[in-house]
Amino acid sequence: MPSKTSAAPKPQLTVKQFQDSVVKHLRSTLGTYEEKASKQAWNQAVSAAINEFVFDGVSRTRKTHAAKDARAVHYLSLEFLMGRLMSNNLHNLGLYDIADQAMAKLGLNLADILEEESDMALGNGGLGRLAACFIDSMATLNLPAVGYGIHYEHGLFRQEFFKGRQVERPDEWREFGSAWEICRPESQQTVKLYGYVETVYDNGAARKVWHPGRTLRAIPWDIPIVGYGGRNVNVLRLWESRADKFFDWDVFNSGGYVDAYAESVQAETVSKVLYPNDETPAGKELRLVQQYFFSAASIADVMRRYKAAHGDDLTKFADLNAMQLNDTHPAIAIPELMRVLVDEEGLSWDKAWAMTRQTFAYTNHTLLPEALEKWPLKLIEKVLPRHLEIIFEINARFLNDEVENKWPGNDGVKRKLSIIEEGSDQMIRMGHLSAIGSHTVNGVAQIHSELVKKDLFPELNELWPGKFVNVTNGITPRRWMKACNPRLSTLIEKHIDDDWPRYLDKLEGLKKFADDAEFQKEYMAIKHANKEDMVKVIKELTDIDVSADAIFDVQIKRLHEYKRQHLNLLHIMALYRRLLIDPNYDMHPRVFIFGAKAAPGYKMAKDIIFAINKVAEKVNNDPRIKDKLKVVFLPNYRVSLAEKLIPAADVSEQISLAGKEASGTGNMKLALNGAITLGTMDGANIEIAEEAGRENVVIFGMEVDDVVALQEKGYNPGDYYRGNDELKAVLDWLEGDFFTPGEPGLLAEVKRNLVEQDPFMVLPDFESYCEAHQKIDSLYRDQKAWARAAIINTASLAKFNSDRSIADYADYIWHMKGVPAAAK
Ligand SMILES: *Cc1c(COP(=O)(O)O)cnc(C)c1O
């Protein structure tokens with residue numbers, strides 16, 4: 001139960017004190033002065049002023065956890081999509097208003113200063129953003145927790161459009177350093193790679209010694225994570241790779257100065273750049289090295305901390321340490337912990353395995369077969385020869401004991417469950433390794449978790465009943481409401497307690513105002529004001545003029561065929577066509593807004609971006625319809641842009657093919673901010689509909705069972721193409737040069753893909769999708785009904801607080817409790 005005492009943070013200093021602190025840092029930390037300072041310098045001075053509180057919190061929290069010898073969780077993730085930190089830190093410390101007033105006193109606007117911060121985009125999309133929301137919640141719930149990842153020099157690429165096509169530019173988030181990170185050279189680790197394994201016999205017992213061909217240094221950078229209220233400040237520890245000094249020294253002495261330098265450049269490439277793939281594994285050696293590099297460094301770090309407190313007796317290791325694998329990217333941590341325990345610490349296999357399984361839990365994020373990670377056995381053998389042996393041993397014991405006991409003599413089941421996929425090129429299945437090496441496996445929404453049990457690991461679910469569980473994803477209401485939607489936050493605070501960012505179920509209290517005319521008016525006025533702000537952003541970024549009186553229909557997420565941005569496009573083309581056929585076609589004006597990056601190697605995704613941009617160009621410049629239909633593709637979708645768009649959205653497009661979107665979190669952010677979900681029965685859309693009520697969302701399309709039935713019957717897209725005149729007309733439209741004047745055929749590939757293959761069944765859902773849009777249109781014309789539905793959405797979304805997700809992990813998976821840091 002929520003406590004009675006307010007969790008809203010109290011300011012710990014006055015406006016004047018904060019102002020003085022900023023000026024002090026401007027002069028003494030930045031070496032400049034008020035008259036000369038750039039906005040960037042002011043930004044850094046404000047960061048430094050905030051950090052006085054943050055760093056103190058880090059120390060207090062660390063001391064408490066060490067003194068209490070608390071059980072800790074380690075969240076291993078190859079991605080953390082943090083976005084900007086200043087506004088979040090100010091809100092969580094209760095300093096936002098203080099800082100705002102202090103800057104005003106200095107003749108500056110805090111909002112402008114916040115804009116100077118680069119996004120920390122060390123992730124691709126939902127998976128990385130989930131990790132960011134989760135570490136916010138772990139700090140807020142006072143959990144002793146460390147996020148572990150990679151300190152990429154370049155995060156996700158910056159997206160530009162050139163003649164409608166995506167161009168990727170390097171991300172330079174820390175070109176001149178980042179205000180929030182602290183380098184901790186004293187905690188560096190060494191990571192081994194390549195080489196060979198020797199079997200040594202002492203006293204008749206065989207022991208394995210790995211002679212690495214290369215070693216890297218892992219340097220930790222700590223990003224403080226301020227919990228709401230500012231009491232606990234955890235850290236996100238990101239590893240940077242550097243050449244091993246000793247290795248360089250040898251080459252240097254033998255006259256190989258340039259070679260030595262080349263070696264260090266190669267070592268530094270390990271943390272150089274984030275792989276920009278979302279839902280598609282890269283399969284490249286460097287990626288495997290990245291995965292191992294940060295897994296090994298993190299385990300060594302956990303082991304170092306344990307031994308500092310407990311010496312060499314490892315009996316309490318698994319009682320004090322939980323490790324969560326965010327997808328299979330850090331799965332190599334499982335054989336790594338086995339290697340450390342058996343080869344380095346001299347534990348028996350059985351003891352080490354029991355400890356390893358007690359330590360790890362694994363979160364599955366996808367069922368898409370193409371997204372399930374596999375590594376060529378040959379590659380693992382080359383990069384991590386000892387780990388391959390350990391994987392063989394894990395597999396042999398699993399198949400010969402556990403599987404053989406359950407299904408005696410059944411080679412079919414063994415083939416299916418083996419970590420090693422047989423074939424001309426043997427592959428290591430990282431999902432199998434993760435599930436076998438963990439005590440608990442979770443999916444990320446109810447339907448997804450059911451499909452993990454039913455379709456992905458049915459035998460493992462039978463073998464270990466209860467091992468497969470659900471933890472529905474969540475989002476932090478601090479970033480995704482309090483900080484990004486100050487107008488709505490103020491309205492909420494006026495009507496219910498001010499601690500709703502901590503206890504989101506208090507939003508329930510808004511339900512009683514859902515039919516209140518005055519409240520509706522205020523709520524809709526806020527949406528309108530947020531849209532007016534967005535109108536300016538759209539103008540600035542794209543030079544397109546839109547009206548805040550139109551419906552803002554928003555689809556923001558990575559570009560992927562399964563997410564079906566092209567279904568949205570086909571419907572836009574249909575509306576355009578209707579308006580051309582009948583200029584009086586009755587519809588409320590609409591602005592369709594897209595934001596999406598495509599993986600640089602994903603051809604169809606890039607074709608879809610190009611097609612949307614070309615259709616937009618034509619529609620936006622067609623004087624016949626321009627007041628009714630606009631299409632805006634905002635470049636470089638990222639967290640800071642999402643924070644501007646989400647408060648301004650009327651409609652949330654969540655239109656993946658049923659069964660393909662594991663959860664989605666964009667759907668939660670938008671619904672919390674009062675956008676009406678237009679979605680399929682997929683991922684967390686189902687739970688949003690359940691919470692907000694079916695009548696307050698617009699659901700369309702096939703459900704999972706329909707998809708399966710159609711697949712079994714044999715899906716033929718041509719039937720749908722020929723069976724619907726409007727659908728046929730818009731698809732044919734893509735073939736000529738209507739949208740690409742003088743250059744026919746540039747969009748033909750999108751049509752061909754849909755008519756000949758349509759792997760994500762866009763065409764069968766088209767008709768139902770168009771009808772759903774009609775429902776949106778008529779609902780919007782009834783402003784009272786719309787306001788009511790939007791308010792009920794905001795009031796009903798407490799379930800999707802990431803604090804609830806993390807409380808579930810803590811209760812049912814990590815079995816741990818919060819340990820509040822000592823107050824100052
Ligand atoms: C929330 C978020 C996502 C995830 O969006 P989905 O619609 O759930 O795929 C991706 N990118 C950014 C920048 C986000 O903030």
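The legends below describe an overall view and several close-ups of one predicted protein model.

In this predicted model, local features need pLDDT of at least 70 and side-chain atom pairs count only at pLDDT 80 or more, while totals for chains, interfaces and linings use all residues. Residues are numbered from 1 along each chain as its sequence is written, and side-chain values use heavy atoms, with hydrogens and water left out.

**Figure 1. The whole protein.** The secondary structure comes to 33 helices and 25 strands; helices (H or I, at least four residues) and strands (E, at least two) are DSSP runs, numbered from the N terminus. The C-alpha trace spans about 90 × 70 × 60 Å along its principal axes. A compact globule of 824 residues would have a radius of gyration near 28 Å, and the protein, with 27 Å, agrees. That radius is taken over C-alpha atoms, and the globule rule is 2.2 Å times the number of residues to the power 0.38. Of the 824 residues, 62% are buried, meaning under 20% relative accessible area with a 1.4 Å probe, protein chains only.

Figure 2. Strand 8 covers residues 189–193. Gln 189, Val 191 and Leu 193 form its covered face, whereas Thr 190 and Lys 192 form the uncovered one. In a regular strand the side chains alternate between the two faces of the sheet. Strand 8 runs antiparallel to strand 11 (residues 214–226), and 5 bridges join them. Two strands pair if DSSP finds at least two bridges between them. Leu 193 has Arg 214 of strand 11 as its bridge partner.

Figure 3. Strand 16 is joined to strand 17 (residues 427–429) by 2 bridges. Glu 421 stands opposite Met 427 in strand 17.

Figure 4. Strand 23 (residues 651–654) pairs with strand 24 (residues 676–679) in the parallel sense over 4 bridges. Opposite Glu 653 stands Leu 678 in strand 24.

Notes:
Buried means under 20% relative accessible area, exposed over 50%, partly exposed in between (1.4 Å probe, protein chains only).
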